[in-house]
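This briefing sets out how one protein chain is organised, from its overall fold down to selected residues. Please read it alongside the sequence and the coordinates shown here.

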Amino acid sequence: MKKFVAVAGNIGVGKSTLVSLLCQRLNWQPFFEPVAENPYLADFYQDMRAWAFHSQIFFLTHRLRIHRRLLDHPTSAIQDRTVYEDAEVFARNLYLQGYISERDHKAYCELYQVLCEFLPPPDLVVYLRASVPTLIKRISQRGRDYERHITVEYLTQLNTLYEEWIHNFSLCPVLTVPADDLDYVAHPGHLNLVVSKIQEKLTGKEEVIFDPDEVNSMA
C-alpha cells in the first residue's frame, strides 16, 4: 500500500540525508524542503519584527503545497520536514522571541489549525532526536555559510520546542530515532535498523524502540 512518511527534527540532525537514503533503499519518492526563494527573507533579516509574520506565512504556504502534492503522488513518499514544525517550532520560536506579535501569532495559528483539519496527516512521523553538541558538530561538518552564525542558544531553544511538540503530537504514529547514537551514513547497519523500525511502525506495532545493544551491534 502507498505510504506517506515525514522526517522531522532540528537543524543539522540529518533529515535530508536520511530521506535520501530511505528513498534509495525503499524506492520511494523524496519530497525535500521548498527551494523557492522566500521574497520576504531579505527584509526579514533587516527587520525581523516587521517581516517575521509575512515570512512564516510564505513558508507555511509552501509546506502545505508540498504536503498536498505528496498526498496526491501515486507512490509511497517521504517528506523532509513537516508543516507541523513550521508552526509548532519555528513560528512559535519567533513569537516567543518577540518577533511576531501576539495578535499575528494568533491569526497564524488559527489559519494553521483550520488547514490541518482538512489535510490528511502522514502515516508516520520519524522524529530525529539529537543533543545540541551533535547538531553543532554536524552543522560544522556540512559547512554551509548561512549556518555559520547559528548559536548554541538558538538550537537549544528549538530542541525544547521540538520536544514539546512531539510530546503532544497525536495526529499519527511517531518513531523517535536516537540520532546521537546512529550514523546511518558511516554504518549501513544503522540504516538497516532504521528501515526495519519504520516498517514495524507502519505495520501497526505500537512499541518500537531502539535498544542500545541493538544499535551497538549494528555499528
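The place of Gln79 in this predicted model is strand 3, which covers residues 77-80. The protein chain as a whole contains nine helices and five strands. The points below begin with the overall fold, then turn to the strands, the helix packing and individual residues.

**Overall fold**

- Read from the N terminus, the elements follow the order β-α-β-α-α-β-α-α-β-α-α-β-α-α.
- The radius of gyration is 17 Å, close to the 17 Å given by the globule rule for 219 residues, so the protein chain is as compact as a globular protein of that length.
- The C-alpha trace spans about 50 × 35 × 30 Å along its principal axes.
- Of the 219 residues in the protein chain, 46% are buried.
- Among contacts with a separation of 6 or more, 76% are accounted for by residues 24 or more positions apart.

**Strands 4 and 5**

- Strand 4 (residues 124-129) and strand 5 run parallel and are joined by five bridges.
- Val125 has Val174 in strand 5 as its bridge partner.

**Helix 4 against helix 5**

- Helix 4 (residues 83-96) packs with helix 5 (residues 102-118) at an angle of about 175°, and their axes are 11 Å apart.
- Because angles over 145 degrees count as roughly antiparallel, helix 4 and helix 5 are described as roughly antiparallel to each other.
- On the helix 4 side, the contact involves Val83, Tyr84, Asp86, Ala87, Glu88, Ala91, Arg92 and Tyr95; these meet Glu102, His105, Tyr108, Tyr112 and Cys116 of helix 5.
- By class, this contact of helix 4 with helix 5 has eight nonpolar, one polar and four charged residues.

**Helix 3 against helix 5**

- The axes of helix 3 (residues 48-72) and helix 5 come within 11 Å and cross at roughly 5°.
- Since angles under 35 degrees count as roughly parallel, helix 3 and helix 5 are roughly parallel to each other.
- Helix 3 contributes Phe53, Gln56, Ile57, Leu60 and Leu64 to the contact, and helix 5 contributes Asp104, Tyr108, Leu111, Tyr112 and Leu115.
- The residues of this contact of helix 3 with helix 5 divide into eight nonpolar, one polar and one charged.

**Selected residues**

- Gln79 has a relative accessible area of 1% and is therefore buried, the limit for this class being under 20%.
- Leaving aside neighbours within four places in sequence, Gln79 is in contact with Phe4, Val5, Ala6, Val7, Val19, Phe31, Arg63, Ile66, His67 and Leu70.
- Leu70, a residue of helix 3, counts as buried at 1% relative accessibility.
- Not counting residues up to four places away in sequence, Leu70 touches Lys2, Phe4, Phe31, Ala77, Ile78 and Gln79.
- Leu70 and Gln29 are 41 residues apart along the chain, and their C-alpha atoms are separated by 8.8 Å.
- Tyr95, in helix 4, counts as partly exposed at 24% relative accessibility.
- Not counting residues up to four places away in sequence, Tyr95 touches Ile100, Ser101, Glu102 and His105.
- Tyr95 and Glu117 are 22 residues apart in sequence and 23 Å apart in space, C-alpha to C-alpha.

Key
Residues are numbered from 1 along each chain as its sequence is written. This is a predicted model: local features need pLDDT of at least 70, side-chain atom pairs count only at pLDDT 80 or more; totals for chains, interfaces and linings use all residues. Side-chain values use heavy atoms; hydrogens and water are left out. Helices (H or I, at least four residues) and strands (E, at least two) are DSSP runs, numbered from the N terminus. Buried means under 20% relative accessible area, exposed over 50%, partly exposed in between (1.4 Å probe, protein chains only). Contact means heavy atoms within 4.5 Å. Two strands pair if DSSP finds at least two bridges between them. Axes are lines fitted to C-alpha atoms, for helices over the stretch in contact, and angles run from 0 to 180 degrees between N-to-C directions. Angles under 35 degrees count as roughly parallel, over 145 as roughly antiparallel, 65 to 115 as roughly perpendicular and the rest as oblique. Ala, Val, Leu, Ile, Met, Phe, Trp, Tyr, Cys and Pro count as nonpolar, Asp, Glu, Lys and Arg as charged, and the others, Gly among them, as polar. The radius of gyration is taken over C-alpha atoms; the globule rule is 2.2 Å times the number of residues to the power 0.38.
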